[in-house]
Amino acid sequence: MGATDSKLAFRKGVFRLFEEHNIPYTADDYWSLFWTLPESVDDVYSLIGASDIRRARDSSRENLETLIDKLLNQMNAIVSAPNFPATTTSIPQLLNCFRVLSRLIPYIFESPECSEWEDKMFWVPRSVERIPEPPTTNDTTQGEGDEQPKSQPQYDTLPPRGQVIMDLTLKCLFLAGFTLPPTMATPEGGKVNHVIWESGVGSSTPIGASRENDMHRIEVLRLLIVLLSRSMYVSPSQVLSKEDRWLHYVVAKTERKVVLALLCSLLNTACKYNPLGWGVPYNHVVFTDTREQLVAMCLRVLLVILDYHSPRVAHTMRQIDQRVTTPPAEIVSGADLLIQDPEKRALAEKQAAEIQQLHGHQTQEAGDGASQSVSTAPELELDETSDNSFRHYLSKLHRAQDFQFLIDGIYRILSNPMQANNTYLPGSTKRVRCHVEMMMLCWKLLEINQRFRSYLMETERALDLMVVLVYYSMENKLDPAQVGLVRMCAFILQTLSSDRTFGVKLNRPFDGHSSLPAAVRIPAFHGTYADFLIISIFTLIATSRGSLSTLYPALILTITNISPYLKNLSVTSSSKLMALFGSMSAPGFLLADEANHRLVGYLLEAFDNIIQYQFSDNPNMLYALVRTNSKFEKLRDFNLEKAIAEIERVRQLKEEKLLRNNQQQAPRISSATEDNKSVTSSDNTAPTTPTVVEDNNKTDDQKQVDEQSKEDASQKNDKQEQQSPQEQDGLSEKARGKLPESTTENASSTSSLASTTSTSTVQLPGAKNGFTATEDWVSQWHSQLPLHPILVLLEHLVPQVQTLCSTQALTSDAQVLEFLRGMTLVGILPAPQPIFIRKFRWGEALVIWFRSMLWGQAYVASM
């Protein structure tokens with residue numbers, strides 16, 4: 001549509017849609033403008049404006065219906081031609097039909113007032129008057145009395161328009177000469193051949209598609225995505241309870257051969273894509289890559305289909321949400337209770353019979369002690385494969401070569417941004433934009449196909465996946481636009497951690513750590529994958545400034561799930577766990593929200609698992625427990641009165657310190673005083689999340705002294721504050737962050753746990769969402785904390801370690817560690833509790849979040 005006259009004629013035709021009512025169906029010269037004049041996608045989207053479609057929809061709906069009917073008839077005529085493409089204009093006209101439909105349908109979906117009309121237009125069978133046959137010679141000689149019964153009209157019932165559109169769209173995805181090479185026609189001469197686009201799952205023979213085939217596939221997939229986007233225009237409260245007829249038709253009423261061909265084609269196209277090509281630097285700058293756009297389209301269509309939930313499944317999911325009080329991501333899955341572990345000690349094996357009995361009757365929520373049914377009632381089990389043929393066939397994949405092909409392709413895309421940021425030539429490696437969709441696909445595969453998950457664990461590819469997930473989390477932790485990506489990484493980590501094999505594999509040394517990008521590289525790291533994961537989770541919580549507070553349960557549960565299998569934890573990871581526990585067991589954090597005590601319970605359960613199942617293989621962890629025994633004693637003696645007094649005491653210390661600094665600096669640093677006031681103002685807001693200050697150069701004793709500096713007597717705090725007043729005076733918040741922890745502990749910004757000690761918190765501890773702590777509430781969860789095994793351990797070890805240190809003039813850490821390695825706790829610790837694995841479980845809110853994130857990615861990519 002290069003000529004101005006053609007564009008003008010087309011615009012006049014668009015105006016006629018809403019200016020004139022009941023345009024005749026037989027006005028072929030007018031209707032043909034929509035598939036003959038446009039020459040590109042841009043022509044369609046620029047010349048058919050959004051306001052034009054809305055005006056036609058609101059004032060002349062009959063014209064839109066006629067236009068859609070004419071487009072469908074034209075598409076059917078072109079596709080059904082025995083010698084397709086019959087003319088040189090067949091393919092351009094077919095593409096224009098797809099483009100115009102892709103332009104029109106979203107504006108029909110968007111209007112709630114049109115929902116009834118939409119259902120009637122697309123999903124009610126049509127009655128069309130049958131064209132009467134021409135009269136014969138004998139009929140003309142009949143009398144007029146015989147003409148009356150013949151004049152009664154007869155009707156033919158046609159399938160709904162929605163079914164016609166979907167069938168044509170799926171058919172065109174496998175049309176030889178259009179989306180397939182011309183040589184792929186069937187032996188009988190048919191042009192529709194349901195072959196798999198790429199070699200991989202289900203096919204070992206490539207068909208040799210061209211660039212034109214890829215471009216045509218993009219056009220058809222764009223319309224398919226539009227048709228499957230109906231849920232975007234439904235309110236969140238109804239999105240799962242209201243049936244999506246478009247999606248339901250694809251997943252439940254499509255032929256088996258079409259389902260298999262489409263599923264394998266989408267999978268193979270996405271997983272076979274290599275963004276590096278021949279590996280030539282800067283090749284993406286010289287050449288355009290249309291393949292990435294096709295891969296993104298394939299991933300979105302596949303994800304939308306796999307994410308389909310029938311109203312029956314949604315109702316069951318809602319029932320489970322109502323019966324379970326804990327968030328879905330923290331539910332104990334009784335069917336996954338792990339009892340037999342070859343690495344348990346003899347004492348644990350003696351309890352196997354008792355644990356098995358527990359497995360049959362109840363399961364315990366560690367951290368809050370709540371008991372609930374081990375297995376969900378049969379009528380509440382989620383069975384989504386029966387309602388979705390795509391999920392069903394995806395769950396049946398079992399060949400190792402198929403799993404290898406899938407994980408190789410998935411990891412190739414997921415690791416691409418990490419590789420692009422870790423090159424010597426900036427910008428030399430192409431960075432793909434479909435990594436988020438690929439991560440979603442990986443998550444769906446882990447969820448749907450248990451054999452795929454087992455393959456990842458057995459081949460150790462799960463460790464590579466874990467490193468990539470940590471990279472994305474660390475790289476995007478402070479980016480509000482990528483919080484959904486970080487959330488997904490946390491949930492996938494929790495999913496991986498629920499597998500025992502993954503926990504065992506984490507004990508392997510991480511030899512390739514030095515080649516990681518700087519965002520996830522740990523200085524002077526020499527440890528296992530478990531050390532890397534624990535330190536990374538600590539850093540993620542400590543440096544995210546509370547922006548990831550909703551992900552703390554998933555991150556802490558990841559550590560709890562793998563804790564029974566961890567061996568030889570390093571000094572650094574052990575100290576990080578203690579620092580994390582100290583932060584989350586602080587009074588200000590425990591009283592800040594009704595659910596914060598669960599995080600402490602999860603950490604305590606992790607410590608219990610380590611000392612009960614891997615005692616002799618974790619001397620560094622035992623040493624860290626001994627050196628921080630005061631934290632556990634304070635938690636043992638915790639009550640509401642002491643907690644509020646501690647919060648108030650630390651707040652007063654901070655105010656006194658700030659007052660002294662202001663008095664000393666007032667004559668010459670008024671600007672610094674304003675900075676300090678702003679810091680105090682921000683401190684007066686009680687955070688509900690802990691943020692730990694890192695200091696890798698300090699020993700555990702020094703860290704303990706620093707933490708106690710805000711918890712001991714006020715005289716001791718005053719003395720410590722006066723040691724370096726001139727270093728702190730006049731410094732901004734940014735400069736204070738560079739000081740050692742001991743000098744900034746009592747005057748930190750809102751990132752410090754001490755900020756929970758504001759006046760508002762003391763008056764109304766934990767006022768988030770209107771919650772107020774009470775003594776009954778504290779006693780309820782405090783009595784159920786799994787503190788007993790740790791306290792028994794400390795009661796036994798602390799005196800012995802103190803005796804060892806007092807009898808020898810110089811006692812090195814190595815001597816203490818050697819002493820701990822020779823210790824035995826058989827008969828001292830209580831009987832080991834069963835290992836409870838908390839799997840990630842979908843809830844209604846999480847399903848809506850996942851779907852909104854998927855469509856959000858599609859929207860952003862189209863801009």
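In this predicted model, Ser563 is placed in the loop that runs between α29 (552-562) and α30 (571-584). With a relative accessibility of 0%, Ser563 counts as buried, since the term applies to values under 20%. The side chain of Ser563 reaches the backbone oxygen of Thr560 at a distance of 2.7 Å. When residues up to four places away in sequence are left aside, Ser563 touches Ala606, Asn609 and Ile610. The loop between α29 and α30 also holds Asn568. Phi of Asn568 is near 55°, which is a positive value in a residue other than glycine.

A positive phi in a residue other than glycine also occurs at Glu460, where the angle is near 65°. Glu460 belongs to the loop between α24 (450-458) and α25 (461-475). The relative accessibility of Glu460 is 23%, so this residue counts as partly exposed. A further backbone feature concerns the peptide bond from Phe84 to Pro85, which is cis, with omega near -10°. Pro85 lies in the loop between α6 (61-80) and α7 (90-109).

Helix packing was examined for one pair. Two packed helices are described by the angle between their axes and the distance between the axes. For helix α14 (residues 256-271) and helix α21 (residues 400-414), the axes come within 8 Å and cross at roughly 50°. By residue class, the contact of α14 with α21 comprises 5 nonpolar, 2 polar and 1 charged.

Charged pairs form the next topic. Side chains of opposite charge can pair when their charged atoms come close. The count of salt bridges in the model comes to 30. One of them joins Asp307 and Arg851, with the closest N and O atoms 3.1 Å apart. Asp307 is located in the loop between α16 (290-306) and α17 (311-323), while Arg851 is located in helix α46 (residues 844-862), so this pair ties together parts that are 544 residues apart in sequence. Asp307 is buried, at 2% relative accessibility. Arg851 likewise counts as buried, its relative accessible area being 11%.

Another salt bridge is formed by the side chains of Arg312 and Asp387, at 2.7 Å from N to O. Arg312 lies in helix α17, and Asp387 lies in the loop between β4 (370-372) and α20 (389-395); the pair therefore ties together parts that are 75 residues apart in sequence. Arg312 is partly exposed, with 42% relative accessibility. Asp387 is also partly exposed, at a relative accessible area of 22%.

A salt bridge within one helix is found between the side chains of Arg651 and Glu655, at 2.4 Å from N to O. These two residues are separated by about one helical turn, because they are 4 residues apart in helix α35 (residues 640-665). Arg651 is buried, with a relative accessible area of 11%, whereas Glu655 is partly exposed at 37% relative accessibility. Salt bridges that share partners also join Asp307, Arg391, Lys444, Glu447 and Arg851 into one network.

His248 is part of helix α13 (residues 245-253). The relative accessible area of His248 is 24%, so this residue counts as partly exposed. The C-alpha atom of His248 is separated by 7.8 Å from that of Ser310, a residue 62 places away along the chain. Leaving out residues up to four places away in sequence, the contacts of His248 are with Glu243, Lys253 and Tyr308.

Technical notes: Residues are numbered from 1 along each chain as its sequence is written. This is a predicted model: local features need pLDDT of at least 70, side-chain atom pairs count only at pLDDT 80 or more; totals for chains, interfaces and linings use all residues. Side-chain values use heavy atoms; hydrogens and water are left out. Buried means under 20% relative accessible area, exposed over 50%, partly exposed in between (1.4 Å probe, protein chains only). A polar contact is a pair of N or O atoms within 3.5 Å; within protein, one must be able to donate a hydrogen and the other to accept it, and residues adjacent in sequence count only if both atoms are side-chain atoms. Contact means heavy atoms within 4.5 Å. Axes are lines fitted to C-alpha atoms, for helices over the stretch in contact, and angles run from 0 to 180 degrees between N-to-C directions. Ala, Val, Leu, Ile, Met, Phe, Trp, Tyr, Cys and Pro count as nonpolar, Asp, Glu, Lys and Arg as charged, and the others, Gly among them, as polar. A salt bridge is a side-chain nitrogen of Lys or Arg within 4 Å of a carboxyl oxygen of Asp or Glu.
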